[in-house]
Each structure stands twice: as structure tokens, then as C-alpha cells.
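Here is a short tour of one protein model. Keep the sequence and the 3D view side by side as you read.

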Amino acid sequence: MPRNDANPTIPRFRWLRRALVPAAAAILGMTLVSPPSAAAEEAEAVEAAAFQHYVALGDSFVAGPLVREQQAGVRVPLLGCMQSANNYPKMLAERIGVAELTDASCSGARMEHFYEQQFNDTLPQFDALRPETDLVTVGIAGNDFGFSEVFIECAKQSLGNPLGSPCSNHYGDELDVRIDGLRGEISQVYADIADRSPNATVLSVGYLQILPESGGCWPSTPIARGDVAFLDAAQTRLNTVIKEEAEAHGAVFVDVLERGRDVCKASGTRWVEGLIPENGAPVHPNRLGMEATADFVQAAVGVPSPAL
């Protein structure tokens, strides 16, 4: 699957510096007469890191509930934030050699949880940001929009009219009104990230495609045939509003909504699981979706994986 080159909106000098540091370290390493000490190796690794402090913020599409390794027997977290060890922030950090990752993402998070505790044993997600933080990824607003509630309501509506558009008739233009009503909060999130970590490269990561553009796959995903396009348009609209507000504050929007990877596709193709999941929570990213998101974000920051 093709990936875009480094995003041109990231300052060129910053990208060049991050590309040259690992190369310079490698050249210097070849001139050593004797093996370096452990301390020297550690210092060289820190110097060569593309980013020193990466903070991941967001909801379950970032946290990755129930996403696991492909082999059997891997422990999966079931409580609290349900943050997977195999979500895209952890994949990205390993790929590009981040010196320090703080993954504050939490399933069920809304924008208010950037500022206040979501659970008694969690901190506000913004507490992870520091003045020296130099990379931030953000995936938020789906729960503020209320997609779970909308999806459940549309599923209930479909039972009496699976070929019609009962959910569209039920909501009318309410979903567009909801999305436009989130603009101010989304804008404030990105303004506050810029205040807390002014030197950070900030990437706003959109939501993976959930439903196809039309048709659907009722009853395995119980959305009436006429409502599939209605909900897909709402998701596309939400991604667009997130993009506009994030970019207004200097963030780079990472569009991960690639067609043909929705819940109706077969295992091995879809990036989001259906109601009967195989690797991930229902109607959430699976392992392939997390890998693809890591691909998109890595391409956006323009940092290749370190050579093995």
C-alpha cells in the first residue's frame, strides 16, 4: 500500500536535522578503534533518536482495546483504559527510535479527559505534556460526538426496516449539528497542546473507516442499507472538522480513512472489527488497523525505521 512522503508542512530544517543525526552517528561509529562503553552506546542512542519525548493522546482508537499479538497466549489488558501493548503509538515509537514514549491514551476518553481525570487511577492526559516534548499524536472527538450511542440507535432502528433508512429519518440533520458544535472544543485542544509543548511536532490522527460508502453488511453489522451512507458521511464530516481545526493551530492532519478496509471486509483485509471481533474490540481498530495507522503517521513525520 503506497504511503505519502514526509509531510511538507513539517519544517524542512527539522526533518533534515532528524534525518542527518542517525547518519552522522553511524559514520562516526565506523571510525572507532575499540568498542564503545555501555555509557557511550546509551549516549549515542539518545543522540540518534528521531524524537526525545513522544506523547500519545486520545481515545480507544488510539489505546487499542483488545488488540493483541497474532500468536496465542499473549496477556491482554481488560480493565481501566484497556490500552494495548500493540497500539500504533507503541509501534511508531519502536519503529522510529523514540527516546521516551508517554502513552496517555485511554478507551472512552472525551476531550474533557485531557484536562481532568477519567478514572481515579489516571491523570488528565495533558499532564503528560512537557515543555521539551517534541512529538505529539492526537486522536479524539469520537466519543464527544457520541458514535457508540449513534451506532446502537441505528442498529435498533434497522431491525424494523433493514432495507430502508430509519436512522437517517430518526436523526435528520442532528449529527451534522453535533459535529459542528465540537469545533470550539477541538480548536481549544490543539491551542492548549501548542501552549504546553511549543516546540512539538503535533499530528492529528483521524478515524479509520468504519462502514463502507454504501450497501453495508446487515445483519452481521446491523445498519440498515439506506443508513450506511448516512453514517459514513457523518464520520467523514467529523474527520474533516478535526482536520480543519487542528491545522488552524499548526498541527499536521494524518488522514487514515482508506476505502476498502471497513467492517464489512473479510478478515485479513479490514482494519476495523465488526460486532463479532477476531482481534480487537467490536467496531474498533484491529492489529492490521494499528499497523496501518503507524504506517501513515510514520510517513507523515518523515522518519524511516532505524536500520537493523
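## A buried pair of rings

Trp271 has a relative accessibility of 5%, so Trp271 counts as buried. (Buried means under 20% relative accessible area, exposed over 50%, and partly exposed in between, with a 1.4 Å probe and protein chains only.) Phe296 is buried too, at 14% relative accessible area.

The ring centres of Trp271 and Phe296 lie 6.2 Å apart and the planes stand at 75°, so this pair is edge-to-face. Rings of Phe, Tyr and Trp (its six-membered ring) pair if their centres lie within 6.5 Å; planes under 30 degrees apart count as stacked, over 60 as edge-to-face and the rest as tilted. Trp271 sits in the loop between β5 and α11, and Phe296 in helix α11, so the pair ties together parts 25 residues apart in sequence.

## About the model

This is a predicted model: local features need pLDDT of at least 70, side-chain atom pairs count only at pLDDT 80 or more, and totals for chains, interfaces and linings use all residues. Residues are numbered from 1 along each chain as its sequence is written, and side-chain values use heavy atoms, leaving out hydrogens and water.

## The sheet

Five strands make an open sheet with parallel pairing, in the order β2-β1-β3-β4-β5. β2 (100–103) and β5 (252–254) are at the edges with a single partner strand each, so one side of each has no neighbour in the sheet. On average, neighbouring strands are turned by 20° against each other, direction ignored. Helices (H or I, at least four residues) and strands (E, at least two) are DSSP runs, numbered from the N terminus. Two strands pair if DSSP finds at least two bridges between them.

Four bridges join β1 (residues 53–58) to β2. Here Tyr54 stands opposite Leu101 in β2. Two helices pack on the sheet. α10 (residues 225–247) touches β4 (201–205) and β5, and its direction makes about 160° with that of β5. α11 (residues 287–301) touches β3 (135–139), β4 and β5, at about 145° to the direction of β4. Contact means heavy atoms within 4.5 Å. Axes are lines fitted to C-alpha atoms, for helices over the stretch in contact, and angles run from 0 to 180 degrees between N-to-C directions.

## The core

Which residues have the most contacts inside the largest nonpolar core? They are Leu57, Val138, Phe145, Tyr190 and Ile193, in a core of 76 residues. α10 gives the most to this core: eight residues. (A nonpolar core is a set of buried Ala, Val, Leu, Ile, Met, Phe, Trp, Tyr and Cys residues joined through side-chain atoms within 4.5 Å.) Leaving aside residues up to four places away in sequence, Val138 touches several residues, including Leu57, Phe114, Tyr190 and Ile193.

Most residues other than glycine have a negative phi, and most peptide bonds are trans. Yet Met82 has a positive phi of about 50°. Met82 lies in the loop between α3 (60–63) and α4 (88–96), and is partly exposed at 22% relative accessibility. Ala141, in the loop between β3 and α5, has a positive phi near 115°. Ala141 is buried, at 0% relative accessibility.

The peptide bond from Trp218 to Pro219 is cis, with omega near 10°. Pro219 is in the loop between β4 and α10.
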